[in-house]
Structure formats: C-alpha cells, structure tokens
Amino acid sequence: MVILSEKNDVSVRVSGKMGKVNAAVVGAGIGGIAAAIRLAANGFEVTVYEKNNAPGGKIAELRSDGYRFDTGPSLFTLPVLAEELYELCGEKMQQSIPYRMLEVNCKYFFPEGDVFSFYHDRNKLRDEIKRAGIACTDALFQRLDRSKEVYELSAPVFLFSNFHKLSNFNTPPYKRIARKLYKLEFMHTMHSANRRDFTDPRLVKIFDRYATYNGSDPYRAPATLNMIAHLENNIGAYFPEKGMYSIVEGLYGLAVKQEINFKFGEPVKQIIVEDGKAAGLETDTGRKNYDIIVSDVDVKSLSRNLLQGHPLKRRLDKSEPSSSALILYWEINRIYPELDLHNILFAEDYKREFRSIFNHKKIAENNTVYIFISSKVVPEDAPPGCENWFVMINVPPDTGQEWGAIISEARRNIIDKINRLLNTDIEQHITGEHIASPLTIEQNTASAGGALYGAASNSAISAFLRHPNKLRRINNLYFVGGSVHPGGGIPLCLASASIVCNEILSKITVHE
C-alpha cells in the first residue's frame with residue numbers, strides 16, 4: 001500500500017485510483033495548466049476548474065469577420081520554460097507549437113518622426129544605430145551585456161526559486177547574490193539608471209519601457225528590472241507560427257494527454273479550509289475533497305471571493321496594483337508595410353503618462369501606443385490585403401472612473417497619434433472594432449480592477465512584498481500565475497508553476 005504524507009507532519013489523504021494524491025487546480029490560465037502538467041507528470045491525479053468555457057485565462061483569442069486576434073499577451077520570451085513541460089511528458093514542443101525567433105524585436109516611432117528597429121542580430125543593430133544617428137552605440141551594447149549579468153545573477157533567486165522560503169537563503173545562488181548585491185541597483189530607479197547610461201533620450205525611452213512588462217512605473221521601479229531587456233534582446237523575442245493562443249492550445253492538448261480532467265464552466269465558489277489546511281473546493285455541484293489545491297486565481301480576487309475569513313485580504317488591499325490596459329482590436333482593410341509585428345509609438349512626455357496612471361488614476365492626453373499585428377507573421381489572421389491591429393495603451397486599473405468617457409477621448413487621441421506618425425487616415429480603414437478595458441478584463445479574467453500583473457513593482461522592496469507561492473497559515477494551498485511570485489507574463493507564470501511543483505514534491509514522501 002502506498003501512503004503519502006507531508007514532511008511537516010500534516011497528513012494528506014490517499015485518494016483516487018492507484019493511490020494517487022488528488023490535486024485540484026483552480027483556474028486554467030497558463031500558470032494553472034503548467035502546474036497541472038507538472039503534477040500529473042509526477043503521478044498526481046489532477047482536476048482543473050475553470051469558470052470560463054475555454055482554457056487560457058488572459059491568453060485568449062477573438063475571431064470576427066475573417067480576422068483573428070490574440071487578445072492578451074503578445075510577446076513570447078524564454079520558450080525553454082514551455083519546452084520543459086513537453087520534455088516532462090516525453091514530447092517535443094516544436095511539433096505542437098512551432099515558433100521562431102523574430103529578426104526585429106520591436107519597431108519604435110518617436111514623436112519627432114524618428115524610427116528605430118531594434119534588431120536581435122548585433123551587427124544589424126549596430127547598422128541601425130548608425131542609420132538612426134544614435135551616438136551612444138557602445139553604451140547600448142554595454143547595457144545589454146550588463147543586463148545579462150544581472151539576469152544570470154538574480155534569476156535563480158528572484159525568478160526560479162521560492163523566494164519566501166527562508167531555508168533557500170543558505171543556498172549558493174542566494175550567497176552569490178549577497179556578495180554582489182550592489183550590481184542589482186535596488187536603490188536606483190530604472191529611469192535614473194537609463195538617464196545615467198544613455199545620452200540619447202530615445203534610448204532612455206526604449207529602456208524605460210521595460211517597466212511596463214510587469215505593469216510598473218520606470219520612474220519608481222528599481223533599476224534591477226532593467227534585466228528584462230536581456231530576455232528580449234539577448235536571448236530573443238519569439239513568436240508562434242500560429243499565434244499566441246496556440247501556446248494555450250498546445251499545452252491544453254498536452255495536459256489532456258496526461259489524463260488531466262478539465263471542468264470548464266464550473267467556477268469555484270470557495271476554497272474550504274479546515275484545521276489549518278486547504279481541504280476541498282465548493283462549486284455549484286457541491287463539495288469536492290482534495291489533498292493539494294493550487295490556485296491560479298488573481299490573489300486579490302481570491303481573497304475577496306474564495307478565501308473568506310482569512311487575513312490575506314487586508315494585506316493585499318494595501319498593495320499598489322499594476323497598470324491595466326485599454327485595447328482596441330481593429331479590422332484594417334489595407335496593409336501597412338512600414339509596421340512590424342510589434343510597434344511602439346512613444347508619447348511626447350513619458351513621465352506625465354506614468355504620473356497620470358499611478359498618481360492620478362487617469363490617462364494623459366498623449367499616451368504611448370502599442371500596435372501588435374499578428375498577421376505580419378500569421379497571414380491567416382486577416383483576410384488577404386488586410387491586417388489585424390491590436391492597439392493598446394497603458395491605463396490605471398478600475399477604481400470607479402467613467403470609462404465610457406475615458407475610452408472615447410483615448411480613442412480620439414490614439415487615432416490622432418497614428419495619423420500623425422504614420423501619415424495616414426486610419427479611421428477610414430477600420431472596418432470593425434472590438435474594445436477591452438479594465439472593466440472587461442476584470443470580468444473575463446477575475447483580475448481585481450483589471451490590473452494585468454497583480455501588484456506593481458514600484459519600490460526597491462517590491463520583490464519582497466509580492467504574494468508568495470505558499471502561505472504559512474494554510475497548508476496544502478499553493479499559488480501560481482501573474483499576481484504572485486515571481487510575476488506576470490508568460491515566462492514568469494510558467495516559472496511560478498515550476499516553483500510550486502518543486503515545493504509540493506519537496507514536502508511529500510512515499511512510504512511502502
């Protein structure tokens with residue numbers, strides 16, 4: 001007979017066929033799917049509960065009039081983290097989710113009319129720097145090399161381990177980072193470090209932009225986050241040949257092969273906690289008991305709705321939320337050859353834009369506009385001679401603003417900026433439009449206020465304050481996804497699943 005028990009003397013039931021540990025995952029976002037795959041690959045019997053009728057969470061798609069839009073994340077970095085899931089199951093990711101590295105990571109349009117393509121290849125990048133008249137060539141490459149060094153020093157601690165587990169502080173990666181803590185520049189902001197290193201204001205803006213990758217303010221976020229540039233510009237930016245949602249479709253198919261049971265359209269009403277441990281779930285069909293529960297739910301939403309009576313809510317309500325987004329999905333009836341897959345149209349006053357979002361909870365009159373066109377790589381995503389535009393600006397999360405008026409004004413300003421920088425009349429080419437706002441993001445993904453990344457990283461100690469993957473007060477309950485450690489975005493959600501699975505396996509022993 002197989003008996004499983006936790007090393008901290010909290011027993012778990014042996015349930016399910018063949019004595020497997022019975023685990024539930026709440027939420028089928030990419031973090032939840034990855035956690036389910038890892039647990040199933042290690043012999044757990046896994047059931048995933050998802051309130052929506054399809055997997056993916058924030059990674060979703062929209063189809064309309066022959067157009068297909070990826071409605072959530074648009075950048076794919078660190079694909080090795082997804083490849084690990086396939087390797088665990090004895091398969092190859094490229095056979096399920098073919099993807100390729102991008103030649104141009106992003107194309108930048110500046111208010112003065114300058115255009116700059118950030119090539120992955122350093123020789124091409126050097127030529128582009130010369131063409132654009134950027135004087136600090138050496139400084140740019142030195143920064144990329146330094147971002148690699150900071151990433152390799154800090155990632156084992158801040159991204160790929162249980163940062164809140166005290167015993168980890170005695171391991172080699174933690175000791176190594178303690179000796180070189182000064183390299184992380186905790187006490188400098190991203191913007192101050194960028195202004196120090198670059199004499200060209202265009203490069204300052206480009207590198208300030210990486211704060212938005214986790215919904216933060218570069219004028220307050222620590223310079224440590226400049227390591228994000230390493231992922232995109234040194235390791236590389238990638239894109240799936242069938243679009244971003246194919247990542248979800250591939251991982252969901254892999255999960256089904258592992259006999260993971262998905263219950264779509266069955267929202268969890270409550271996580272049941274008894275005697276200091278998570279014991280089961282309550283849904284419309286009744287109570288189900290589980291040995292292990294993994295939550296892929298936004299932690300603020302979870303504390304308000306699924307974990308009633310616990311002190312989690314008070315602490316979370318004090319944290320500063322990340323930014324949200326206003327997204328216009330446009331069906332465009334022509335081709336714009338001057339645009340790439342990823343495009344940024346910068347605001348004149350970047351500081352005012354972030355001050356408006358984080359200090360005043362509104363949007364500035366002039367905002368940075370991101371245009372993502374998947375049909376540049378996936379022609380089938382739009383009819384022949386057409387393009388599918390994902391047009392986004394950063395906005396504050398919902399705190400009761402009048403979003404109807406905000407959206408109307410923002411749309412006018414976005415169109416004015418596009419017309420000015422691209423010398424076009426974009427509105428006459430929009431044949432269809434769909435809109436996402438903090439309100440719809442919260443409704444569709446249960447992200448409190450529509451905040452895309454949970455808490456913002458707007459202080460030197462933000463990494464220490466991020467919600468942990470495990471609570472000391474509640475055994476058998478674990479957390480994955482973009483609102484918890486190590487953060488938001490596809491690679492970090494996948495990393496959270498790895499951290500949680502390793503933590504669960506470290507606590508469970510098998511006795512014959």
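Asp381 counts as buried because its relative accessibility is 3%, where buried means under 20% relative accessible area, exposed over 50%, and partly exposed in between (1.4 Å probe, protein chains only). The model is predicted, so that local features need pLDDT of at least 70 and side-chain atom pairs count only at pLDDT 80 or more, while totals for chains, interfaces and linings use all residues. Residues are numbered from 1 along each chain as its sequence is written, and side-chain values use heavy atoms, with hydrogens and water left out.

**Surroundings of Asp381**

Asp381 belongs to the loop between strand S17 (369–372) and strand S18 (387–395); helices (H or I, at least four residues) and strands (E, at least two) are DSSP runs, numbered from the N terminus. Its side chain makes a polar contact of 2.7 Å with the side chain of Ser374. A polar contact is a pair of N or O atoms within 3.5 Å; within protein, one must be able to donate a hydrogen and the other to accept it, and residues adjacent in sequence count only if both atoms are side-chain atoms. When neighbours within four places in sequence are set aside, Asp381 is in contact with Gly66, Tyr67, Arg68, Ser374, Ser375 and Asn388, contact meaning heavy atoms within 4.5 Å.

**Salt bridges**

The whole structure holds 27 salt bridges, each defined as a side-chain nitrogen of Lys or Arg within 4 Å of a carboxyl oxygen of Asp or Glu. Side chains of opposite charge can pair when their charged atoms come close. Three of these pairs are listed below.

| Salt bridge | N to O distance |
|---|---|
| Arg63 and Glu61 | 3.4 Å |
| Arg68 and Asp70 | 2.9 Å |
| Arg220 and Glu320 | 2.9 Å |

Glu320 lies in the loop between helix H12 (312–317) and strand S15 (324–332), and Arg220 in the loop between helix H8 (201–208) and helix H9 (228–235), so this pair ties together parts that are 100 residues apart in sequence. Glu320 is partly exposed, at 23% relative accessible area, and Arg220 is likewise partly exposed, at 32%. Salt bridges that share partners join Glu61, Arg63, Arg68, Asp70 and Asp381 into one network. Glu61 is partly exposed at 27%, whereas Arg63 counts as exposed at 57%.

**Strand S3 and its partners**

Strand S3 (residues 45–50) is mostly covered, with 5 of its 6 residues buried. Strand S2 (residues 22–26) runs parallel to S3 and is joined to it by 5 bridges; two strands pair if DSSP finds at least two bridges between them. In this pairing Val25 stands opposite Val48. Together, S2, helix H1 (residues 30–41) and S3 form a right-handed β-α-β unit: with the strands pointing away from the viewer, the path from the first strand over the helix to the second runs clockwise. S3 is also joined to strand S10 (residues 261–264), again in parallel, by 4 bridges. There, Glu50 has Phe264 of S10 as its bridge partner.

**Helix H10**

The 13 residues of helix H10 (residues 245–257) should span 18 Å at 1.5 Å a residue, which agrees with the 19 Å between its end C-alpha atoms; the expected span is 1.5 Å times one less than the number of residues. Buried residues of H10 include Tyr245, Ile247, Val248, Leu251 and Leu254. After H10 comes Glu259, whose phi is positive, near 65°.
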